[in-house]
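User: I am new to this structure and would like to learn how to read its features one at a time. Could you take me through it slowly, giving the general idea before each case?

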Amino acid sequence: MNLNTITEVKRLASADEITRWPDGYAWLAGGTWLFSEPQVATDTLIDLDQLRWPALQASSAGLEIAATCRIGELYHFKGPAEWLALPLFPECCNSLLASFKIWNAATVGGNICMSLPAGAMISLTVALEGVYTLWPRDGAPRQVEAIDFVTGNHMNVLQPGELLRSILLPASALAKRFAMRRMSLTKLGRSAALLIGTQGSADDLLLTITAATPQPVQLCFEGLPSALELRQALDETIPADGYFNDVHGSADYKRHLTYHFAEEIRAELAHGGRR
């Protein structure tokens, strides 16, 4: 879509060149959402592609993902064999309401900053205990745990002009076994519920619930819970009115899926999960 309110596109050598944030400014990464509908309040786009941040950098600490990393780049990433959770990358990419052609433009950071309940890059980075690095316009960089970034439907902790620079997935989380479950009302549609469980060498469980709730929810167990303990924890953590109701599934439907998938994940990990 042509954005006929745009009067300027800024191409930068460094994000530090933007020292103020007047009304009408917007960061431009992949632009797959930005150009999908009129942006009547926006008159200036700031092109992040010119910054040429390395998309993916693996190290002993884990994997650093630039906010401008394309979904397609993440889908094709091959890492160390000991990172057992890497198959989650293509599975979460395939959970987006987007074709593989869109993957070549859409960015990981864009999906996260949209902060929709069904944002699959949010699901991935929260489940793998990611840490986001944010760049304010008038202060030092700050770090936010992925679980704390999204605060509701299309809401997050970003301040005006603040930029998501990168996501670090720690090696310890990437080395975990996992189990994932997802449901959509249509084959390639937006997720109604997306749950991921991870398990380290100990008999633990970290369960991440997304899409069914307005923001990610995590349950952490030091030992693998029983089916009853898991259900009780879900009841205590998510109130009956805490599920997200929209055209992609009623709140009751999503609550049912959450209980059902949580138990399937618990049972799968009890037998070793994905390796």
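User: Let me begin with threonine 133: is it buried or exposed, and why is it put in that class?

Analyst: The model is predicted, and the class follows from relative accessible area, where buried means under 20%. Threonine 133 has a relative accessible area of 16%, and therefore it counts as buried. This residue has its place in strand β6, which covers residues 131-135.

User: Which residues is threonine 133 in contact with, leaving aside its neighbours within four places in sequence?

Analyst: Contacts of this kind show what surrounds a residue. For threonine 133 they are Pro141, Arg142 and Gln143, together with Leu163, Leu164, Arg165 and Ser166.

User: Which strands pair with β6, and in what sense?

Analyst: To read a pairing, one looks at the partner strand, the sense and the bridges. Strand β7, residues 142-145, pairs with β6 in the antiparallel sense over four bridges, and a hairpin of six residues joins β6 to β7. Strand β10, residues 163-170, also pairs with β6 in the antiparallel sense, here over five bridges. Tyrosine 132 has valine 144 as its bridge partner in β7, while in β10 it stands opposite isoleucine 167.

User: Which way do the side chains of strand β3 point?

Analyst: The general idea is that side chains in a regular strand alternate between the two faces of the sheet. In β3, residues 44-47, Thr44 and Ile46 point one way, whereas Leu45 and Asp47 point the other way, and all of them are buried.

User: What are the partners of β3?

Analyst: Strand β1, residues 8-11, pairs with β3 in the parallel sense over four bridges, and strand β2, residues 25-28, likewise pairs with β3 in the parallel sense over four bridges.

User: Where is glutamate 37 found, and how is its accessibility classed?

Analyst: Glutamate 37 is found in the loop between β2 and β3. Its relative accessibility is 35%, so it counts as partly exposed.

User: How many residues of helix α5 are buried?

Analyst: For a helix, one reads the class of each residue in turn. Helix α5, residues 120-127, is mostly covered, with eight of its eight residues buried, among them Met121, Ile122, Leu124 and Val126. Glutamate 129 follows α5 and has a positive phi, near 60°.

User: What can be said about the chain as a whole, and why does its radius of gyration agree with a compact globule?

Analyst: The chain has nine helices and 14 strands. A compact globule of 275 residues would have a radius of gyration near 19 Å, and the chain has 19 Å, which is why the two agree. Its C-alpha atoms fill a box of roughly 60 × 40 × 35 Å along the principal axes, and buried residues make up 50% of the 275 residues. Of the contacts with a separation of 6 or more, 61% come from residues 24 or more positions apart.

User: What about the surface and the charges of the chain?

Analyst: The chain exposes about 12900 Å², of which carbon and sulfur atoms supply 52%. There are 22 positive and 29 negative side chains, and the centres of these two sets lie 7 Å apart.

Definitions and conventions: Residues numbered from 1 in each chain as written. Predicted model: local features only at pLDDT ≥ 70, side-chain atom pairs only at ≥ 80, totals over all residues. Heavy atoms only, no water. Buried < 20%, exposed > 50% of the residue type's maximum accessible area, 1.4 Å probe, protein only. Helix = DSSP H or I, 4+ residues; strand = E, 2+ residues; numbered from the N terminus. Pairing = 2+ DSSP bridges. Rg over C-alpha atoms; globule rule 2.2 N^0.38 Å. Contact = heavy atoms within 4.5 Å. Areas by Shrake-Rupley, 256 points an atom, 1.4 Å probe, with all protein chains shown as cover. Lys, Arg positive; Asp, Glu negative; His and termini not counted. Charge placed at Lys NZ, Arg CZ, Asp CG, Glu CD.
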